[in-house]
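Q: Before the details are discussed, may the sequence and the structure be shown? The reading can then proceed one feature at a time.

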Amino acid sequence: MGIAPAEFPPPVDPAADYVTEPTDPEDERIEVGVAIVGGGPAGLACAIKTMQLLEDEPELAEKLGEVPVAVVEKGKVTGAHLLSGANMRPSAMRELFPDLDPSEWPVYQEVTKDAVYLLTKKQAFPLKPMPPNFRNHGNYVTSIAKLGRFLGEKAEEAGAYLLTETAADKLLVSDRIVKGIRSGDKGRGREGEELSNFEPGSDVVAKATVLAEGTQGHLTGAAIDFFELQGLLPQRWELGVKEIWEVEKPLDRVIHTMGWPLRKAPKWNEFGGSFIYPMGEDKVCIGLVVGLDYTDATLSVHDALQELKTHPFVRKILEGGKRVGWGAKTIPSGGFWALPRTLTVPGMVIAGDGAGMVNVPELKGIHYAMHAGMYAAEAIVDALKQDSVNFDAYDERVRKSLIGEDLYRSRNMRQPFSRGFFVGGAIASAMTITKGAFPGGRWHQHPDAEEEMELDGAAKNYPKPDNKYTFDKLSSVFASGNATRDDAPNHIKVQRHVPREVAQTWVSMCPAQVYEIPDDQLENGAAEVDLNITPSNCVQCGAITAKGGRLTPPEGGDGPLYQET
Amino acid sequence: MAGGILVYALHDDEGNFNKNSLGAISEAAKLASELGTEAAAVVVGDVSDDGAAGLGAYGAKRVFRAKDAPEGLAQPIVDVMAKVISDEGFSYALFGGGLLGFEIGAGLTARLNAGVTMEVTEVKVQDGKLVAERPVLQDSAIVDVGYVGEPGIIIGRLNAFDANEGDGGSAEVVDVDIELSDWSTKARMVTRGEQRGADVNIEDAEILVGGGRGLGEKDNFKLAEELADAMGGAVAATRAVVDAGWYPYAAQIGQTGKTVAPKLYLAAGISGAIQHKVGMQNSENILAINKDPNAPIFEFSDLGVVGDLHKILPKLTEAVKAKKGG
Amino acid sequence: MKICCLVKEVPDAAVQKRIDSSTKRLDRSGEKNLNPFDTHGIEAAMQIREGGNAEVDEIVAVTMGPESAVRALHKAVALGADRSVHLTDEALAGSDVCATGYALAKVLESEQPDLVLLGQQSDDGECYTIGAVVADHLKMPSLTQVIKIDVGDGKLTCERQAEYGYDTVEVDLPAVISVGDAINEPRYPSLKAIMGAKKKPLETHATGDVGIDAGEVGEAGSKTQVLAINPPPQKEAGEIIEDEDTNETVEKIVAWLDERKLI
């Protein structure tokens, strides 16, 4: 029988380890008005909107001091750690930048043609009529990595401080009120010892703290534990691996595929599909997204993507092309039921993917993140004007808004797929057509790490890398621009001595080859193995947290430098 | 004689000229004959008549010697070369790389208001002029650089030019009187060329034996060390084994370690992942030994041996010793 | 003592670099960063200041570059420089080593430093030892590949790596010292320092402000020209031997090595 990774939880207690009172002497603390953790769409939209609102609130602006808004971002620049499809709905950009024409947005093109295909090993059957949730007319093909850079520039122009290469290591809480964050140390060695250039982190105290960390947010997870904010159902994730390609023939449509190479039998729980989007005239992106509740320990999303590229339909699109980028990231897929029971506690709000604001069937999340960031800005400015740190109005606003509505409507669409592809597909279609009314109720979902893993044959058809169209993990990590200090402390919390099935799950799952089973233990088929970990390969996708371990942020500045993902 | 290529020849305290310099002279001689002009050398400090004349064997027609300029510091040599180039009308100055080559070349750039190309891997003649080729962007492209006006300064990458001791005969030794610039006297050599055993500078080694995970365990680095010893080379390591504590970081080659371009890189038990490849891909000769026939290293090695390094390395060490001894 | 630290903004090491085929120069879009070698220069300046053997009145970060180069200056200031100087002018675009060295020397002349520190080379590989070019224009002694600096009375005792081992050299001030990355471990800037960087004084100069002859810089003033860009020579596929009889295999290897004069 299978073994669930959840039986080997990581040696960490988030509420205890990552939540603390401020410890710096008062005069050494850095004071800011609003501290935003995460330089992604949610965090930056919040920063921009807050600065816009402060222009009309001189009294409050003064109260907030020299640094009214500070965005703490662990990547080298805002956008360095961002990866998504994506077909962005324009509503949030329009609201935040009413004077900008879409031609000035960091987008590639408006979607005019889209198609969905069901793939078998050799063929591609267009699905007509197209399942409505895939319709993207009016949306814009966007690179979220470019969007991050664009919003970062706008935030700085508006007067926000961007503290890049800075990790938010701990949440500062005093008397159950959130007071800010503590930035991560720099200059520690492999065993955590202080190196000659050790620089401790600082307490950044703020009147309001916005957690906009994205998927698997570190402080978000700690806050959810500490304040007991778990939603009605546990959160779940999907892992996406994406590549950017320069191609000879421009692609004329947004493409989604289902089916091959994922297997249909309910036992294996392989939910997902691929996307192929045009990026201007000379590039396309291709990605494969798979739910992390799969049960075959040998399934590797990266390699399944390589296999996908051998399909004649896909090969035609990439023919003569050159891979110029690669990356991986998880997406929360728990939807409505997995949202935290409240998005705010005194002094703090949670916005964006970190809270799970993703509409999985429609693959949308960027505009929700930006709207949430803007709602947070409004609620925070209103409350602070009255010297209050109660941001309940934000939680209400989100739930009543298009975010709440859309998530509610699609609340049960993901779960049926654990019944296998065909049954799941049928049920999901029924839900889409009836806008969620049928079948109703609250479908069950359990955490990805509780799925029992078995060693089966998912890896059987993974192609050997030819370095032209298919690539191995290590050269892909190189293509992500990953620069992580070799002798840094291990930022991945996971048990090292585990059963083979659990170890294999992590080895195959990780797109960056962080985990390895020692050769000799592989050869003699040991039932329990000792995991080798190479944290410097890590691109911080977050999959390990979903599947039984825990990702924490490494030293600020480490990790990938995504350009166009 | 108008035109001509002047090469700086570095020597140690015993008067032995270094290989890079000899290579540069040979290269200059080759190019000069194509251009229909001469190659000459410049030396400073205490160099005997025979020593200087001996550079003729590598192709130098004349050797300018400035006895009063100290060896080992760049700026006095800039003074010497600037004078010789101006007085004699040389069109190019060529250096064989290395610390002093770069320092002197750079100083000459300012002194003579000249163009300079650095890390040059090849020089060719085009339309009666020299064009220097150099790699850029982590060796993913080669640019051809030409010069506007004269002279042009060419600084080669280490080991770029091969020394060819031919039958060039004896060079004419011309002694040069030099007046050092004011600032050239402001640096004084206290100790020159101190050896520090502990740090083996693998970047300068001509032969490297690299050890990877395939070695199996820390103690097996002995196999690499013995082979390196027999071949007169040094030992390098991959990130994986340095991480595992099998070898010190100073020997690490790769994206996060050192970049090397030895005459021979023998990779034992190294898979050849790109993170390592970028640190050694410019080695002149790459010999790989790995038991996995699918290891990426076989895609860019000059000679690949699919086999068990534990069996091959000891035998290879013996065979090399025998060959060298016998 | 006044120390000027020369810094350069270079493409981040992790960004895939390309040559812009229209200008035949490095495509400089994409992330830029303070040249890692220059951080060692700034750290060396800070260590001199903190070392107690010399009184350092100010540390000035100086750069020549387009508008975006202010980021490198902010970083330098976050690492400890007191103020920064930005030489920027369209006339400077396309300057080669000769022109760059001249321009930098001119702006340094206007600062009259006692010591100029910089990194041995820049990460973009465009040139090495620009320090030596600058020093000649400034008529100051220069040393490169320096891995240790001890400050004395009006002079420095430096150690540097050379062809035959380590040299110990005494240098009178004022001087230009190019440091190797082995010299020190640069500190991380504190959050406070990063946030305060934008408030430190930053002067911007054009070529005319520091007496630079525009005809000597930029593309027009450069003495080298990129004539062509080519892909690297294709390496022939190598030979592969499968080891069956190790003695035979070793013989083949030795023959191969011998052929290439490697043993």
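**Reading a predicted model**

Q: How many residues does α3(C) have, and what does α3(C) reach from its first C-alpha to its last?
A: In this predicted model, α3(C) has 13 residues and reaches 18 Å from its first C-alpha to its last, close to the 18 Å expected at 1.5 Å a residue.

Q: Is α3(C) mostly covered or uncovered?
A: An α-helix has 3.6 residues a turn, so residues three or four places apart point the same way. In the present case, twelve of the 13 residues of α3(C) are buried, and the helix is mostly covered. Among the buried residues are V97(C), T100(C), L104(C), K106(C) and L108(C).

Q: How many residues does each chain bring to the contact between chain C and chain B?
A: The size of an interface is often given as the accessible area lost when the parts come together. Here the contact is described by residues: 62 come from chain C and 74 from chain B. On the side of chain C that touches chain B, the elements giving two or more residues include α3 (97-109), α4 (130-138), β9 (142-151) and α7 (246-259) of chain C. The largest share of that side comes from β11(C), with eight residues. By residue class, the side of chain C that touches chain B divides into 30 nonpolar, 17 polar and 15 charged residues.

Q: In what sense do strand β16 of chain B and β15(C) pair?
A: Strand β16 (residues 303-306) of chain B pairs with β15(C) in the parallel sense, over four bridges.

Q: Which domains does the assignment give for chain B, and how far apart do their C-alpha centres lie?
A: The domain assignment of chain B gives domain 1 (5-185) and domain 2 (207-325). The C-alpha centres of these two domains of chain B lie 34 Å apart.

Q: Which residues have the most contacts inside the largest nonpolar core?
A: In soluble globular proteins, nonpolar side chains tend to be buried together. The largest nonpolar core of this model has 309 residues, and I25(B), M81(B) and C5(C) have the most contacts inside it. Helix α10 (residues 366-385) of chain A gives the most to this core, with 14 residues. As for C5(C), the residues it touches, not counting those up to four places away in sequence, include I42(C), I59(C), V62(C), L117(C) and L118(C). A second, separate core of 51 residues includes A205(B), L223(B), A237(B) and L262(C).

Q: Where is E165(A) placed, and is E165(A) buried or exposed?
A: E165(A) has a positive phi of about 55 degrees although it is not a glycine. Its place is in the loop between β9 (161-163) and β10 (168-174) of chain A. E165(A) is buried, because 21 other C-beta atoms lie within 10 Å.

Q: How many other C-beta atoms lie within 10 Å of N113(B)?
A: N113(B) is not a glycine, yet has a positive phi of about 50 degrees, and is found in the loop between α4 (98-112) and β5 (115-120) of chain B. With 16 other C-beta atoms within 10 Å, N113(B) is partly exposed.

Technical notes
Residues numbered from 1 in each chain as written. Chains lettered and ligands numbered in written order. Predicted model: local features only at pLDDT ≥ 70, side-chain atom pairs only at ≥ 80, totals over all residues. Contact = placed C-beta atoms within 7 Å. Nonpolar A, V, L, I, M, F, W, Y, C, P; charged D, E, K, R; others polar. Pairing = 2+ DSSP bridges. Domains from an automatic or database assignment. Core = buried A, V, L, I, M, F, W, Y, C linked by C-beta atoms within 7 Å. Buried ≥ 20, exposed ≤ 12 C-beta atoms within 10 Å, placed from the backbone. Expected span 1.5 Å × (residues − 1).
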